[in-house]
Amino acid sequence: PAAPPGPHTTKVSHRVAPRSPMPATLLLLLRGALGLGPPAGPVRLILDTDMGGGACQDVDDVAALCMTHALADRGEVELLAVVQDTAPPPCAGVISVINHYYGRDHVPIGAYKGQGLHHSYPPLSYVNDVVRAFPSPIRNNSQVRDAVKLYRRVLADAATRSVTISSVGLLTNLELLLRSAPDEHSQLRGVELVAEKVALLVVMAGRYPSSQRAECNACGCYNGADRASAATASAASSYVVKHMPRTVRMVFLGGEVGENVRTGEALESCATRDNPCRHAYMAYRRDSFWGWAPGGRSSWDPLATLVAIRGASAEREGLVECSDCSGINDVFNGRNTWRRGRASNQSYLVLERPDVAKAAVDALLCQPRAHRPAASPSPPAPPVTPLAPWSPPPPPRAMPWWMTEPPQTPPSLPPPPSPPSSLSRSAGSRRTSSRRITFVGGRGSSGRRTPKAEKSCLPLRRAAASPISATSSRLPRPSTHRYRAPKGDPIPSSTV
């Protein structure tokens with residue numbers, strides 16, 4: 001036995017000091033490398049969405065939010081907040097309608113209140129349809145707080161490296177969050193607060209490994225976006241990718257993944273007519289002439305959100321992270337290029353089994369809700385026009401002559417008047433210049449593709465000098481319908 005301590009001896013404790021906990025980011029990476037999946041317990045998620053409005057307006061944001069509520073009913077996720085990253089006011093109302101339908105009015109909603117985004121062009125028709133047909137405590141974004149303030153409050157209250165963000169719209173909110181200053185919620189700057197609280201950011205933007213042209217969520221430059229709004233969105237995507245702290249793991253899902261997985265059509269038969277998710281998809285199918293195909297709509301946003309919650313697994317979600325792709329994502333002016341190099345905190349997703357991905361999303365969309373609204377029972381079924389089975393759009397002959405293939409010959413115009421003698425030149429030296437315009441629409445292999453045609457414009461001098469005659473009244477009037485391009489590849493409005 002040890003001798004009793006004397007006046008010059010030191011008492012030695014045999015208690016073992018507790019080990020310091022493993023950093024959450026390292027633990028997450030190790031679990032992924034070992035194929036163990038996400039840690040036990042619900043994922044704490046913030047959903048950042050444009051919800052049918054803005055430059056990248058679409059209906060798959062509805063699927064992302066409805067699917068998140070279904071996963072919350074299963075105990076797989078805790079929805080901390082939903083923020084709108086675009087300007088149209090009623091988009092926040094759609095978020096509130098869905099939250100109310102699933103019995104989660106307590107989930108806070110925020111909206112972009114910064115500068116640079118305009119809402120002069122309307123959201124998709126289903127947005128107003130859903131807000132009018134279903135009850136909710138919030139009807140538009142004037143009733144919600146600033147998204148950056150909500151981000152800072154939620155992150156300040158969260159545990160260290162415990163938050164996951166799914167960004168399925170513009171990156172405008174995230175840019176302002178990273179640039180934000182200390183406030184009443186936290187004494188940390190925005191970039192420091194994100195580094196301390198966020199473990200994973202899944203971003204639906206770009207195409208991988210590289211995009212040939214600007215992608216919508218990365219540029220915000222389609223569907224009638226003005227130059228100021230497009231510049232704001234493009235600068236935001238570049239800033240977020242470049243300045244996101246390296247402690248935050250970033251996973252990108254590109255347009256080439258979501259466009260090959262069609263979901264949502266199952267809602268017509270599996271969901272009741274008082275379901276706002278079903279109502280939104282059926283209204284989109286009824287009113288939109290682009291983007292719908294057998295199976296439903298492309299699934300960019302629900303797949304990104306599904307990976308944010310469950311992780312990437314070929315057997316369960318049909319998606320895996322790329323292998324042998326060490327490097328970083330370089331985003332500039334709405335385009336992205338994967339720069340190979342050393343291992344980093346960034347990677348992108350690859351679609352391995354589209355059938356598995358489709359089944360996973362549709363199963364969650366068709367899952368009955370577990371909770372009903374506390375304030376009142378579900379509203380009666382809203383009036384919905386019966387829908388005929390999907391059929392291909394009308395043939396191109398119904399379109400104006402200047403968009404058909406091959407181009408039709410327009411009615412002949414009277415010859416232009418002779419130029420003044422002072423401007424006349426010899427017949428051999430006279431040249432007439434013309435331009436060629438190409439109309440391209442659609443999104444690659446998915447959905448319906450707007451016909452591609454070329455035609456030579458009339459000479460500028462002839463067009464300016466020719467008087468309008470009786471024959472010009474027989475010219476077909478160009479369609480006044482504004483083409484709504486999906487997220488992805490259509491021609492930006494600034495180019496037309």
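Modeller: Start with Cys219, which is buried at a relative accessible area of 3%. The model is a predicted one, so read every value here as computed from it. Cys219 forms a disulfide with Cys221, and the two sulfur atoms are 2.2 Å apart. Cys221 has 10% relative accessibility. That also counts as buried, because the cut-off is under 20% relative accessible area. The torsion about the S-S bond of Cys219 and Cys221 is -70°, a left-handed link.

Next comes the pair of Cys56 and Cys216. A disulfide joins them, with 2.1 Å from S to S. The link of Cys56 and Cys216 is left-handed, with -105° about the S-S bond. Where do Cys56 and Cys216 lie? Cys56 sits in the loop between strand S1 (43–49) and helix H2 (60–73), while Cys216 belongs to helix H8 (residues 216–219), so the pair ties together parts that are 160 residues apart in sequence. Both ends are shielded. Cys56 has 1% relative accessibility and counts as buried. Cys216 is buried too, with a relative accessible area of 0%.

Now the pair of Cys66 and Cys277. Their sulfur atoms are 1.9 Å apart, and the two cysteines form a disulfide. The torsion about this S-S bond is about -95°, so the disulfide of Cys66 and Cys277 is left-handed. Cys66 is in helix H2 and Cys277 in helix H12 (residues 276–287). The pair thus links distant parts of the chain, 211 residues apart. Cys66 counts as buried at 1% relative accessibility. Cys277 counts as buried as well, at 2% relative accessibility.

Helix H2 comes up in two of these descriptions. Cys66 lies in helix H2, and the loop that holds Cys56 runs between strand S1 and helix H2. Helix H8 (residues 216–219) holds Cys216, and Cys219 is bonded to Cys221.

How many disulfides does the structure hold? It holds 5. What is the pairing when the bonded cysteines of the chain are numbered in sequence order? The pairing is 1-3, 2-7, 4-5, 6-10, 8-9. One more cysteine deserves a mention. Cys91 is buried, with a relative accessible area of 0%.

Technical notes: Residues numbered from 1 in each chain as written. Predicted model: local features only at pLDDT ≥ 70, side-chain atom pairs only at ≥ 80, totals over all residues. Heavy atoms only, no water. Disulfide = S-S within 2.5 Å. Helix = DSSP H or I, 4+ residues; strand = E, 2+ residues; numbered from the N terminus. Buried < 20%, exposed > 50% of the residue type's maximum accessible area, 1.4 Å probe, protein only.
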